[in-house]
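Me: I have a structure to go through before class. Could we take it piece by piece?
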Amino acid sequence: MRIAVAATPEVAIDSLNALLASENELALVITQPDKPAGRGREMKESPVSEWAHSAGIACHKPETNEDFTNLAATVDLMITIGYGKILSLDELSAPTRGSINLHFSLLPRWRGAAPVQRAIEAGDSVSGVTIFHLDEGMDTGPIYLMKRFALDDDITSDELFSELSELGAEALIETISIIEDGGKPTPQSSDQATKAAKISKAEAEINWNEDANVIARKIRAFTSAPGAWTTFRGSTVKIDTPVVEELTLNTGELLFQDKKLFVGTQSTAISLGYITPQGKSRMESQSWVNGARLQSGDHFG
């Protein structure tokens with residue numbers, strides 16, 4: 001089958017590699033135009049664009065809906081993986097067999113832009129991937145295939161994206177075979193549907209007046225994008241690798257003890273493994289403490 005992939009983030013790379021190694025023809029990839037990035041605001045191509053150039057696959061960055069539709073019309077099937085733009089029905093219907101999406105949740109749970117982060121934030125015990133036929137709705141199309149993945153209590157979004165990227169690649173190859181054999185997708189129910197809204201930087205600020213388990217889940221969910229953060233002496237610091245402890249401190253209060261950095265919450269304290277000070281590199285919390293020279297009464301938030 002002649003296939004196009006519309007994708008932008010690194011999480012699509014496992015699927016691209018699987019398609020390239022399969023019996024299908026990966027004819028082209030479509031990705032977002034280069035964007036300015038970093039302090040120098042130099043133009044940077046997407047991870048999928050970099051992959052396409054290294055793999056020798058034609059890479060397109062259409063500026064208009066018409067350009068996208070014309071590209072999609074040259075293939076049998078289009079696969080979308082975090083493309084970064086809502087596509088019209090005309091664009092989705094242009095390929096001979098339409099378009100399918102690799103979504104990183106068990107639909108209809110967590111429809112939307114941040115399913116991985118929302119699953120961890122909510123304390124879900126299981127996640128997974130869903131391959132579905134794209135329609136005009138937001139992740140509402142009929143489902144071809146789902147694969148489940150059990151979540152450890154300490155998993156981060158970065159780790160879950162990595163796991164689901166591999167699982168999704170397997171699911172895509174299986175789904176293509178289903179489509180080739182004439183299989184039809186099953187209508188998706190909206191019962192118990194939940195929304196996975198995009199996470200803003202403001203939302204990633206930690207409120208130390210919440211329960212320790214809630215805070216720990218949020219930190220893991222927001223690692224590393226956009227990154228959980230708080231303030232210390234007027235500056236922003238990012239935090240990660242939380243562990244819920246038995247020690248009790250005042251909310252936001254800092255204590256360095258037994259080579260651990262503890263922070264008070266509404267319930268028990270949590271310890272933090274790593275700190276990223278504003279404008280500096282990520283470091284172990286002990287190294288940060290050595291530089292910060294904590295004083296009695298210091299706190300986060």
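Me: Where does Pro108 lie?
Reply: This is a predicted model. Pro108 lies in the loop between strand 7 (99–103) and strand 8 (111–112).

Me: And what kind of peptide bond leads from Leu107 to Pro108?
Reply: The bond from Leu107 to Pro108 is cis, and its omega is near 15°. As a general point, most peptide bonds are trans.

Me: What about the bond from Thr223 to Ser224, cis or trans?
Reply: The peptide bond from Thr223 to Ser224 is cis, with omega near 5°. Ser224 belongs to the loop between helix 7 (212–221) and strand 12 (229–232).

Me: New topic. What is the phi of Asp258?
Reply: Asp258 has a phi near 55°, a positive value in a residue other than glycine. Most residues other than glycine have a negative phi. Asp258 sits in the loop between strand 14 (254–257) and strand 15 (260–263).

Me: Is Asp258 buried or exposed?
Reply: Asp258 counts as exposed because its relative accessibility is 64%, and the cut-off for exposed is over 50%.

Me: And Lys259, what is its phi?
Reply: The phi of Lys259 is near 65°, a positive value in a residue other than glycine. Lys259 is found in the loop between strand 14 and strand 15. With a relative accessible area of 64%, Lys259 is exposed.

Me: Let us turn to helix 6. How many residues does it have?
Reply: Helix 6 covers residues 157–180 and has 24 residues. From its first C-alpha to its last it reaches 33 Å, close to the 34 Å expected at 1.5 Å a residue. Gly182, whose phi is positive and near 90°, follows helix 6.

Me: Which residues of helix 6 are buried?
Reply: Among them are Leu160, Leu164, Leu167, Leu172, Ile176 and Ile179, and also Ser157 and Thr175.

Me: Which members of the largest nonpolar core touch the most other members?
Reply: They are Val5, Ile79, Ile81, Ile239, Trp288 and Phe300, in a core of 61 residues. The largest share of this core, seven residues, comes from helix 6. In soluble globular proteins, nonpolar side chains tend to be buried together.

Me: What is Ile79 in contact with, leaving aside its neighbours within four places in sequence?
Reply: Ile79 is in contact with Ile3, Ala4, Val5, Ala6, Leu19, Ile100, Leu172 and Ile176.

Notes
Residues are numbered from 1 along each chain as its sequence is written. This is a predicted model: local features need pLDDT of at least 70, side-chain atom pairs count only at pLDDT 80 or more; totals for chains, interfaces and linings use all residues. Side-chain values use heavy atoms; hydrogens and water are left out. Helices (H or I, at least four residues) and strands (E, at least two) are DSSP runs, numbered from the N terminus. The expected span of a helix is 1.5 Å times one less than its number of residues. Buried means under 20% relative accessible area, exposed over 50%, partly exposed in between (1.4 Å probe, protein chains only). A nonpolar core is a set of buried Ala, Val, Leu, Ile, Met, Phe, Trp, Tyr and Cys residues joined through side-chain atoms within 4.5 Å. Contact means heavy atoms within 4.5 Å.
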